[in-house]
Amino acid sequence: MNIILFGPPGAGKGTQADHLVETRGWVKLSTGDMLRAAVAAGTEIGQQAKSIMDRGDLVSDEIVVGIIAERIGQPDCSKGFILDGFPRTVPQAEALDAMLDSKNLSLDVVIEIQVSEDILIDRIKTRASESAEVRADDTIETLIKRLGVYKEQTAPLLPYYEKQGKLKTVNGMAPISEVEAQIEAVLEA
Ligand code: AMP
């Protein structure tokens, strides 16, 4: 299966994607991880992306669509893939649909991990206070900025996938193992 794990920063998409990699043998495609690798390697894309990521804005659609197009064409993705953190804008979703069409592939389901804003802000604060390397207040600021970017640019994808009949929602405020079970139930349905 090919799926999207969808939700705001701090919803637990990465954790749930890792679990599905283990249990299902699918490939995790995280644009955030790929961009961080590009930054660490000092590639041209990494150099362009770094300051944008540091301030919590979105990297251009062109860059992330290019990264995904290249990755999705690799043979291991035929096992099934989990998109984590992509798409994040309507143009990215449209580009993804066109890309999958051209490869005779499709998305099976988009799973929204729903978490209320209060809980996200609490999680963000906990994360920031546990991070030793960065000044905690800077981190909180950036993460709250990312939440605003999510609401403005990424949440409009919910009606986009709803219209396609692909959207399913799970309660991301439950304990991790319960969220895993809810996702399993969606995948089995
Ligand atoms: P993440 O690890 O998914 O939270 O992504 C970390 C950062 O990478 C984001 O705050 C963005 O700056 C950038 N990024 C990751 N995925 C995308 C995407 N699909 N579109 C634009 N920027 C992205």
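Helix 4 and helix 5 are roughly parallel to each other, a term that covers angles under 35 degrees, with over 145 counting as roughly antiparallel, 65 to 115 as roughly perpendicular and the rest as oblique. The model is a predicted one, in which local features need pLDDT of at least 70 and side-chain atom pairs count only at pLDDT 80 or more, while totals for chains, interfaces and linings use all residues. Residues are numbered from 1 along each chain as its sequence is written, and side-chain values use heavy atoms, with hydrogens and water left out.

The axes of helix 4 (residues 61–72) and helix 5 (residues 90–102) come within 10 Å and cross at roughly 25°. Here helices (H or I, at least four residues) and strands (E, at least two) are DSSP runs numbered from the N terminus, and axes are lines fitted to C-alpha atoms, for helices over the stretch in contact, with angles running from 0 to 180 degrees between N-to-C directions. The crossing of helix 4 past helix 5 is right-handed, that is, the near helix is turned clockwise from the far one by less than a right angle, anticlockwise being left-handed. On the helix 4 side, Asp 61, Val 64, Val 65, Ile 68, Ala 69 and Ile 72 meet Pro 91, Gln 92, Ala 95, Leu 96, Met 99 and Leu 100 of helix 5, where contact means heavy atoms within 4.5 Å. These residues divide into 10 nonpolar, one polar and one charged; Ala, Val, Leu, Ile, Met, Phe, Trp, Tyr, Cys and Pro count as nonpolar, Asp, Glu, Lys and Arg as charged, and the others, Gly among them, as polar.

Helix 2 passes helix 3 in a left-handed crossing. Gly 32, Leu 35, Arg 36, Ala 38 and Val 39 of helix 2 make the contact with Ile 45, Gly 46, Ala 49, Lys 50 and Met 53 of helix 3. This set comprises six nonpolar, two polar and two charged residues. Lys 50, found in helix 3 (residues 44–54), is partly exposed at 40% relative accessible area, a class between buried (under 20%) and exposed (over 50%), using a 1.4 Å probe and protein chains only.

Turning to the aromatic rings, the count comes to two pairs. Phe 6 and Tyr 150 form a tilted pair, 6.0 Å centre to centre with 55° between the planes. Rings of Phe, Tyr and Trp (its six-membered ring) pair if their centres lie within 6.5 Å, and planes under 30 degrees apart count as stacked, over 60 as edge-to-face and the rest as tilted. Because Phe 6 lies in strand 1 (residues 2–6) and Tyr 150 in helix 7 (residues 136–154), the pair ties together parts that are 144 residues apart in sequence. Phe 6 is buried at 2% relative accessibility, and Tyr 150 is buried at 10%. The rings of Tyr 160 and Tyr 161 have centres 5.0 Å apart and planes at 85°, so this pair is edge-to-face; both Tyr 160 and Tyr 161 are buried.

Two backbone details deserve a mention. Most residues other than glycine have a negative phi, and most peptide bonds are trans. A cis peptide bond, with omega about -5°, joins Phe 86 and Pro 87, and Pro 87 sits in the loop between strand 3 (81–84) and helix 5. Asn 104, although not a glycine, has a positive phi of about 60°. Asn 104 is placed in the loop between helix 5 and strand 4 (109–114) and is exposed, at 74% relative accessibility.
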